[in-house]
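Take a moment with the fold before reading on. We will go from a pair of helices to the sheet, then to the cores and a few single residues.

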Amino acid sequence: MPSDRLKQAPLLAVFAHPDDEFAVFPWLRRAISEGRKVEAVWLTDGGWGGQDTVRRRAESIAVLSSLGLDPVSMHFCGEEWQVPDGELHLRLHEVVPRLLERLGRAGVGGEVLMPAWEGGHHDHDASHLAGIRLAQARGARMSQYSLYHGQGLSGPWFRVLSPLPANGVVETLPTTLGERLHCAALCLRYRSQWKSFVGLLPFYLWRMRRADAFWRQPVDPRRTAQRPHEDPMLYERRGGPQWADFATATAAYRQD
């Protein structure tokens, strides 16, 4: 469990898209209940396929406000900076310096909670790289959370909230059944994303059977010099960039 010192430290949660917060609802609520300063930042506009970015922003604000997060502490930088959903890996050279200027206050400390290095969505992995730079600038502890990935699977199949062993020791956050059902109910409030949650929610609900459904792992920046796993990335199988192209575009932000 977190130390008493960490319980009082600020928490900055990094997301690629509005609705990615479904993976960390209990972590945010717990930090808020402990009286920690909690902020959130989104790094793309969420407009994939012509989706309404204003509506997506409003849904995230409504959901996180219900958990107690102040809208003033929600930073929709991807929308503000016009970073297209699906292209964050191509814009890191622009996004990272602006992110550090906005939120990279040296000496803040605390924790930066970022998407895992897992090969699920290329924006998630690019957000992991940006999160590392942000945490280093702030002198903060680095933690990562899984959204979904396809290690060991083929075709369209994927795992939800499933830690990769290569990413290190897993720290779980015990939750009650009521808390987990509330998390599932919150997912239904992203009404603009119903098509995505038709695919995600059955696997999410399967995870909600267990008290250890939510967890985090430490971040070792050196891991980013490696593929997330040896199987084809889920984003490759779903029509996204090839790993080689992603690796080339992000080479300056992956650390050996």
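Which residues in α5 meet which residues in α6? On the α5 side they are L88, H89, L92, V96, L99, L100 and L103. On the α6 side they are H122, D123, A126, S127, L129, A130, R133, L134, A137 and R138. Contact here means heavy atoms within 4.5 Å. Helices (H or I, at least four residues) and strands (E, at least two) are DSSP runs, numbered from the N terminus.

Before going further, note the ground rules. This is a predicted model: local features need pLDDT of at least 70, side-chain atom pairs count only at pLDDT 80 or more, and totals for chains, interfaces and linings use all residues. Residues are numbered from 1 along each chain as its sequence is written, and side-chain values use heavy atoms, with hydrogens and water left out.

Back to the helix pair. Two packed helices are described by the angle between their axes and the distance between the axes. Helix α6 covers residues 122-138, and α5 packs against α6 at an angle of about 30 degrees, with the axes 10 Å apart. Axes are lines fitted to C-alpha atoms, for helices over the stretch in contact, and angles run from 0 to 180 degrees between N-to-C directions. The angle makes α5 roughly parallel to α6 (angles under 35 degrees count as roughly parallel). The crossing of α5 past α6 is right-handed (the near helix is turned clockwise from the far one by less than a right angle).

Now find the sheet. It is open, has seven strands and runs in the order β3-β2-β1-β4-β5-β9-β8, with mixed pairing. Two strands pair if DSSP finds at least two bridges between them. β3 (74-75) and β8 (171-172) stand at the edges with a single partner strand each, so one side of each has no neighbour in the sheet. E171 is partnered with R216 in β9. β9 (residues 215-218) also runs antiparallel to β5 (residues 141-145), again with two bridges. In that pairing, Q144 has Q217 as its partner.

What lies inside? In soluble globular proteins, nonpolar side chains tend to be buried together. A nonpolar core is a set of buried Ala, Val, Leu, Ile, Met, Phe, Trp, Tyr and Cys residues joined through side-chain atoms within 4.5 Å. Buried means under 20% relative accessible area, exposed over 50%, and partly exposed in between (1.4 Å probe, protein chains only). The largest core here has 41 residues, and F22, F25, L161 and Y204 have the most contacts inside it. Elements that each supply at least two of its residues include β1 (11-15), α2 (25-33) and α8 (194-207). A second, separate core of 31 residues includes V41, W81, L103 and A126.

Look at L201 in helix α8. L201 counts as buried, at 14% relative accessibility. Beyond neighbours within four places in sequence, L201 is in contact with A184, C187 and L188.

Finally, compare two loop residues. D19 lies between β1 and α2, and Q82 between α4 (77-80) and α5 (88-103). D19 is a non-glycine residue with a positive phi, near 105 degrees. Q82, not a glycine either, has a positive phi of about 55 degrees. D19 is buried, at 7% relative accessible area, whereas Q82 is exposed, at 62%.

Terms used:
Angles under 35 degrees count as roughly parallel, over 145 as roughly antiparallel, 65 to 115 as roughly perpendicular and the rest as oblique.
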